[in-house]
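This briefing is meant for a reader coming to the structure for the first time. Please keep the sequence and the 3D view at hand while reading.

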Amino acid sequence: MEAQTVTRKIRSSNIEILRILCILAIVADHFIGQSGITEFSSFSAVLFYYGASSLSRVACSVFVIISAWFSTDKDFKFSRVIHTWLTVVMYTVPLTIVMMCIGLADKSNLVAALLPVSRGPLWFAGCYIIIVLLSPALNMLINKAPRKLLTWMLTVLFVLLSLYSTIMVGNGYLVHDTWVMLYIYLLTGYFKHYGLPERIGRFLSKPLNCLFLFAVCWVPMVFFRSLGDYTTSRLYILRIAGEYADCFRAQLQSIPNMVMAYSLFFCFKALKVKSSRIINFLASTTLGVYCFHQVPVWYVYLWDRIMTVPVDADALHGWKRALYAICSVIFIWIIGTIAEIIRNRIAFFLIEKRSFTTSLCKKIDSAVNGEQQSDMNMKGVIAATAVFFIVLKFVSVGHYWYMPLTADRDLISTNEATFILSGDISINDETVDGFIRIKNTGSAIENMSSGKYPIYLGISVVDAEGNEIDRDYIHLPIMKEGVLETDDSVDVVVSLEDRIDEYFISGDYDIRAEIVQEGIGWEESSAIFFDI
């Protein structure tokens, strides 16, 4: 009998290169958006910073597409859930403890760090864990459900999510990001199982065509978003164009965002790239790099204290500041990669490769995948999960009792955050200077000028009758870190130089100050006017 040789398929590095580029895009967006490095001195500068920070949400979609494409025809692996959860917790918990020792975090942050799904300190990782847990059902729907049923589901999700978001500049009817990721997973599985329409498939089989399609969406988006913010234009059409551009950038489910994500995926899928162990290894650290630089109580300290970005930005301008931003992004990626290599080895040694972990994963995999010799049935899985959720609920409820409000959710339109403004602002030579005191009359708020929906002090220019001349003249951060307790106040220094002659000397306009939660709306009851 002849001996048979088993050949192992060598994984090419085309998709792994895409993973690395995606994490660089995410780091760039976070660094530019959170550190204050953006420079508005020229339109070309705005184009650079807005272009460099425009693809993080596209990158998130790409990660879901990659996961779906290579998972829809494979068995469920509970080890993926454990690996992802450990990756998140092994960053959120230690970094939160460090911030507690410094005095920049409290026990509520620590509890949130232990609950990466229910509390969502890292939104993408939390949603991704849910998608992985649902993947057996999603894969069954993709591979075994009637095609008409799957087509109808995708059509409904397209209307409620993509079409609504693209036309109405909103989140859609299903506002949680988990729905969007579930939709992208199902759509990708549909393409994988049934194939693309013939003409579209031929078009996307060529990388240059994919890049062209990507550029058709990306270039106008960056241009109009930059133009709207740089000119602070009062032209209605430019404001509308800027709003749509920002929506297409930020909403995973918007049609331009999805077109960019799929065009990038099919572009790199069509590339012929030899396998590289180094590239494949670096690509495996991307989730860790994301977690390393985005723990909420940590990243402000990282940008401001460790990297001293505000100080460096004041000393650098033009191409030097742009080069500094590029080097900073690469630096964070390198440090995050090193941290993930160390964390991964520790996790493997302490938990992931231990016999109790591998035994648990094997039992759950057997139960979920329907193997005949499984000694753990689905009833046992459901019972264990129910106990876990009950414990989780008790911990979470206790957390909410003493947790300050955060700017990661809507606090303005729900009236959970209320303020009283006072202060003094006057014109001095060619500047407008003063301060505005903000008193918190609602619940305690933590890191109010950070998070998903940061709360800022909005300065508008109005005429003598109170009519808006420039609604978004400037938005000033209030507190990026720390807790503003009930009945406490904080002073925001106001020093304005932009278009002073046009607005306050030649134009004889006034200032209106009020609280604004970015992405949510204005607290109009807090408005106060200053006669300049």
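This is a predicted model: local features need pLDDT of at least 70, side-chain atom pairs count only at pLDDT 80 or more; totals for chains, interfaces and linings use all residues.

**A buried asparagine**

Asn 280 has a relative accessibility of 10%, so it counts as buried. The residue is part of helix H13, which covers residues 277-283. In sequence Asn 280 is 261 residues away from Arg 19, yet their C-alpha atoms are 9.4 Å apart in space.

**The chain as a whole**

- The protein chain contains 20 helices and 10 strands.
- Of its 532 residues, 48% are buried.

**Helix H8**

- Helix H8 takes in residues 177-194, 18 residues in total.
- From the first C-alpha of H8 to the last is 26 Å, close to the 26 Å expected at 1.5 Å a residue.
- H8 is largely enclosed by the rest of the structure, because 14 of its 18 residues are buried.

- Helix H3 (residues 56-69) has an axis that comes within 8 Å of the axis of H8, and the two cross at roughly 50°.
- That angle makes H3 oblique to H8, since it lies between the limit of 35 degrees for roughly parallel and the 65 degrees at which roughly perpendicular begins.
- H3 and H8 form a right-handed crossing.
- On the H3 side the meeting residues are Arg 57, Ser 61, Val 64, Ile 65, Ala 68 and Trp 69.
- On the H8 side they are Asp 177, Met 181, Ile 184, Tyr 185, Thr 188, Phe 191 and Lys 192.
- Helix H6 (residues 123-144) also crosses H8, at roughly 40°, with the two axes coming within 9 Å.
- H6 and H8 are therefore oblique to each other, and their crossing is right-handed.
- Helix H7 (residues 147-168) crosses H8 at roughly 140°, and the axes come within 10 Å.
- H7 is thus oblique to H8, while the handedness of this crossing is left-handed.
- H7 makes the contact through Arg 147, Leu 150, Thr 151, Met 153, Leu 154, Leu 157, Phe 158, Leu 161 and Ser 162.
- The H8 residues in the contact with H7 are Trp 179, Val 180, Leu 182, Tyr 183, Leu 186, Leu 187, Tyr 190 and Tyr 194.

**Helix H18**

- Helix H18 (residues 355-369) has 15 residues, which should span 21 Å at 1.5 Å a residue.
- The end C-alpha atoms of H18 are 21 Å apart, in agreement with that expectation.
- Thr 357, Cys 361, Ile 364, Asp 365, Ser 366 and Ala 367 are the buried residues of H18.
- Just after H18 comes Gly 370, with a positive phi of about 75°.

- Thr 308 is not a glycine, but its phi is positive, about 45°.
- Thr 308 sits in the loop that runs between helix H15 (296-306) and helix H16 (309-315).
- With 29% relative accessibility, Thr 308 counts as partly exposed.
- Arg 499, not a glycine either, has a positive phi of about 55°.
- The loop that holds Arg 499 lies between strand S8 (489-496) and helix H20 (500-505).
- The relative accessible area of Arg 499 is 25%, so this residue is partly exposed.

**A strand residue: Asp 424**

- Asp 424 belongs to strand S2 (residues 419-428).
- Its relative accessibility is 47%, and Asp 424 therefore counts as partly exposed.
- Leaving aside residues up to four places away in sequence, Asp 424 touches Asp 433, Gly 434, Phe 435 and Phe 530.
- Asp 424 and Arg 437 are separated by 13 residues in sequence and by 8.8 Å in space, C-alpha to C-alpha.

Notes. Residues are numbered from 1 along each chain as its sequence is written. Side-chain values use heavy atoms; hydrogens and water are left out. Helices (H or I, at least four residues) and strands (E, at least two) are DSSP runs, numbered from the N terminus. The expected span of a helix is 1.5 Å times one less than its number of residues. Buried means under 20% relative accessible area, exposed over 50%, partly exposed in between (1.4 Å probe, protein chains only). Axes are lines fitted to C-alpha atoms, for helices over the stretch in contact, and angles run from 0 to 180 degrees between N-to-C directions. Angles under 35 degrees count as roughly parallel, over 145 as roughly antiparallel, 65 to 115 as roughly perpendicular and the rest as oblique. A crossing is left-handed if the near helix is turned anticlockwise from the far one by less than a right angle, and right-handed if clockwise. Contact means heavy atoms within 4.5 Å.
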